[in-house]
Amino acid sequence: MSDAKTLKIIRAVKNISQQELATLTSISKSLISRIESGERSLTNANLNTIASKLNIPKNVLKLLRYSYAENKKISEEEMLIISKSLLRLIHEESVTYENPA
């Protein structure tokens with residue numbers, strides 16, 4: 001997936017605006033906008049910051065970042081659904097792991 005689509009998916013899953021993402025991560029709104037428009041690339045440092053601040057496993061973001069290029073038959077809408085499901089599963093697993101019944 002392109003960096004632009006990765007950020008858009010992350011924001012859609014978390015239901016946050018570019019400004020909210022900027023505030024949470026200390027990455028400028030201007031840079032976020034430029035990444036989403038394809039003018040700039042997402043650096044590994046920014047990817048790590050986003051993962052940390054939004055409590056998303058870094059490897060999930062890397063998966064999102066690279067999976068679209070390899071799966072062009074998956075629409076952006078389908079990728080959003082997959083991403084939400086994956087993040088929900090990860091969250092449920094971490095809650096289960098932290099609080100075993």
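**Exercise 1. Work out which residues Gln18 touches, and whether Gln18 is buried or exposed.**

Start with the neighbours. Leaving aside residues up to four places away in sequence, Gln18 touches Arg11, Lys29, Ile32, Ser33 and Glu36; a contact here means heavy atoms within 4.5 Å. Then check accessibility. Gln18 counts as buried, at 15% relative accessibility. The classes are buried (under 20% relative accessible area), exposed (over 50%) and partly exposed (in between), with a 1.4 Å probe and protein chains only.

A word on the model before going on: it is predicted, so local features need pLDDT of at least 70 and side-chain atom pairs count only at pLDDT 80 or more, while totals for chains, interfaces and linings use all residues. Residues are numbered from 1 along each chain as its sequence is written, and side-chain values use heavy atoms, with hydrogens and water left out.

**Exercise 2. Follow Glu36 and find which side chain it pairs with in a salt bridge.**

Glu36 has its place in helix α3 and is buried, with a relative accessible area of 7%. Its contacts, not counting residues up to four places away in sequence, are Ala4, Leu7, Lys8, Arg11 and Gln18. Of these, take Arg11: the side chains of Arg11 and Glu36 meet in a salt bridge at 2.6 Å, N to O. The rule asks for a side-chain nitrogen of Lys or Arg within 4 Å of a carboxyl oxygen of Asp or Glu. Arg11 sits in helix α1 and Glu36 in helix α3, so the pair ties together parts that are 25 residues apart in sequence. Both partners are buried.

**Exercise 3. Say how many salt bridges there are, and describe the pair Glu39 and Arg34.**

The count comes to two. Glu39 and Arg34 meet through their side chains at 3.4 Å, N to O. Now look at accessibility: Glu39 is exposed, at 55% relative accessible area, and Arg34 is partly exposed, at 34%.

**Exercise 4. Decide which residues of α3 are buried and what they pack against.**

Run along α3 (residues 29-36) and you'll find Leu31, Ile32, Ile35 and Glu36 buried. Looking down the axis of α3, these buried residues fall within an arc of 135 degrees (taken from the directions from the helix axis to the C-beta atoms), so they line one face of the helix. They pack against α1 (3-14), α2 (18-25) and α4 (44-53). After α3 comes Gly38, with a positive phi near 90 degrees.

**Exercise 5. Find the residues with the most contacts inside the largest nonpolar core.**

That core has 20 residues, and Leu7, Ile10, Ile50, Leu54, Ile56 and Leu61 have the most contacts inside it. A nonpolar core is a set of buried Ala, Val, Leu, Ile, Met, Phe, Trp, Tyr and Cys residues joined through side-chain atoms within 4.5 Å. Two or more residues come from each of α1, α2, α3, α4 and α5 (58-70). Now zoom in on Leu7: not counting residues up to four places away in sequence, it touches Leu21, Ile32, Ile35, Glu36 and Ile50.

**Exercise 6. Find where pLDDT stays under 50.**

pLDDT is the predictor's confidence in each residue, from 0 to 100. The chain averages 80, and 79% of the residues score at least 70. Residues 95-101 stay under 50, with zero contacts beyond four places in sequence. Where pLDDT is low, the predicted coordinates should not be read in detail.

Note on methods
Helix = DSSP H or I, 4+ residues; strand = E, 2+ residues; numbered from the N terminus.
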